[in-house]
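Subject: Structure handover

Hello,

Here is the structure I promised to pass on. Please open it alongside this note, which goes through what turned up.

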Amino acid sequence: MLTVESLRSRYGRIEVLHGVSFEVGSGEIVCILGANGAGKTTLLKCLSGVQPASDGTITFRGENIGKLPAHRRVQRGLAQSPEGRQIFTNLTVEENLRLGAYLFSDNRVAKDMEDAFTMFPVLRQKRNLIAGGLSGGQQQMLAIARSLMARPSCLLLDEPSMGLAPILVDQILEVVRHLKSLDVTVLLVEQNAFGALSIADRGYVMETGRVAFSGPAGELVENPRVREAYLGH
Ligand code: ATP
């Protein structure tokens with residue numbers, strides 16, 4: 001579904017992605033792991049088109065999308081749930097969801113919203129409340145639900161467990177696993193390596209702007225280098 005080859009990106013004169021290559025198959029959950037500053041968020045931003053790539057190619061469902069502006073990539077089925085959630089705090093839950101569906105004016109939007117409320121019942125209860133008043137976990141649910149309103153075939157999900165209590169982390173990871181049954185392919189960036197590997201099919205480990213190694217999730221969990229660096233034992 002997604003093939004990234006030799007991707008480079010820079011902030012001003014400082015290059016932070018030094019030729020990253022990987023692929024995501026249709027229906028997979030693939031995680032990108034790595035320490036702070038490894039370049040994970042920059043990578044996702046390059047894929048969604050909000051950060052320019054200076055070199056390399058991004059092929060999504062057979063099309064080179066590397067030069068398309070962000071909104072055209074959303075139209076192609078690539079949506080991002082950004083780090084830090086970035087919800088519209090002064091709008092209601094429902095208004096946030098409607099903005100996620102800005103591409104569409106058809107009857108399916110109401111059904112999509114119902115689906116979002118079925119997936120996250122707490123959002124139904126709070127649909128008319130200002131999103132800034134939600135808890136961190138609820139805001140994360142809203143961010144994911146909003147990105148799903150764009151009907152993505154591939155979701156770019158940046159650090160969904162950041163700052164959440166363990167029980168909420170489990171809930172969010174369960175939602176990601178559920179997306180797979182809805183035929184949504186997921187590229188998941190996580191600091192919570194153990195949680196991410198528990199639901200992922202495969203993973204890539206980034207170090208300072210490069211893919212250091214990769215493998216099936218079950219292998220990465222057992223890899224001593226991963227256990228030491230990212231799992232803390
Ligand atoms: P984290 O988990 O902390 O978000 P990350 O792996 O997602 O880390 P990035 O946020 O992509 O890493 O950062 C990669 C490098 O780019 C870091 O050295 C960071 O300081 C730098 N960087 C990120 N955003 C900017 C920016 N807007 N301007 C300049 N440098 C940046």
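E114 is partly exposed, at 34% relative accessibility. The term covers everything between buried (under 20% relative accessible area) and exposed (over 50%), with a 1.4 Å probe and protein chains only. R124 is partly exposed too, with a relative accessible area of 33%. E114 and R124 form a salt bridge, and their closest N and O atoms are 3.0 Å apart. E114 lies in helix α4 (residues 108-119) and R124 in helix α5, so the pair ties together parts that are 10 residues apart in sequence. A salt bridge here is a side-chain nitrogen of Lys or Arg within 4 Å of a carboxyl oxygen of Asp or Glu. Helices (H or I, at least four residues) and strands (E, at least two) are DSSP runs, numbered from the N terminus.

Some ground rules. This is a predicted model: local features need pLDDT of at least 70, side-chain atom pairs count only at pLDDT 80 or more, and totals for chains, interfaces and linings use all residues. Residues are numbered from 1 along each chain as its sequence is written, and side-chain values use heavy atoms, with hydrogens and water left out.

The structure holds 14 salt bridges. One of them joins the side chains of E94 and R127, at 3.0 Å from N to O. E94 sits in helix α3 and R127 in the loop between α5 (121-125) and α6 (136-148), so this pair links parts that are 33 residues apart in sequence. E94 is buried, at 15% relative accessible area. R127 is partly exposed, at 25%.

D201 and K180 also meet in a salt bridge, at 2.7 Å from N to O. D201 belongs to the loop between α8 (193-199) and β9 (202-207), and K180 to helix α7, so the pair ties together parts that are 21 residues apart in sequence. D201 is partly exposed, with a relative accessible area of 29%. K180 is partly exposed as well, at 31%.

There is a network, too: salt bridges link D106, R108, D112 and R151.

E28 and its neighbours

D201 and K180 come up again here. E28 lies in the loop between β2 (14-24) and β3. E28 is buried, with a relative accessible area of 16%. E28 touches K180, T185, V186, D201 and R202, leaving aside residues up to four places away in sequence. Contact means heavy atoms within 4.5 Å.

Strand β8

How many of the six residues of strand β8 (residues 185-190) are buried? Six of the six are, so the strand is largely enclosed by the rest of the structure. T185, L187 and V189 point one way from β8, while V186, L188 and E190 point the other way.

Two strands run parallel to β8. Strand β3 (residues 29-34) is joined to β8 by five bridges, and C31 has L188 as its bridge partner there. Strand β7 (residues 154-158) is also joined to β8 by five bridges. In that pairing, L156 stands opposite L187. Strands count as paired if DSSP finds at least two bridges between them.

β7, helix α7 (residues 166-181) and β8 make a right-handed β-α-β unit. Right-handed means that, with the strands pointing away from the viewer, the path from the first strand over the helix to the second runs clockwise.

The open sheet

Four strands form an open sheet in the order β2-β1-β4-β5, with antiparallel pairing. β2 and β5 (63-64) are the edge strands, each pairing on one side only. Five bridges join strand β1 (residues 2-11) to strand β4 (residues 55-60). L2 has F60 as its bridge partner in β4.

A buried arginine

R85 is found in the loop between β6 (78-81) and α3 (93-100).

R85 does have a polar contact of 3.2 Å with the side chain of Q140, through its own side chain. A polar contact is a pair of N or O atoms within 3.5 Å; within protein, one must be able to donate a hydrogen and the other to accept it, and residues adjacent in sequence count only if both atoms are side-chain atoms. R85 touches G136, Q139, Q140, A143, R146, M162 and L164, not counting residues up to four places away in sequence.

Best wishes
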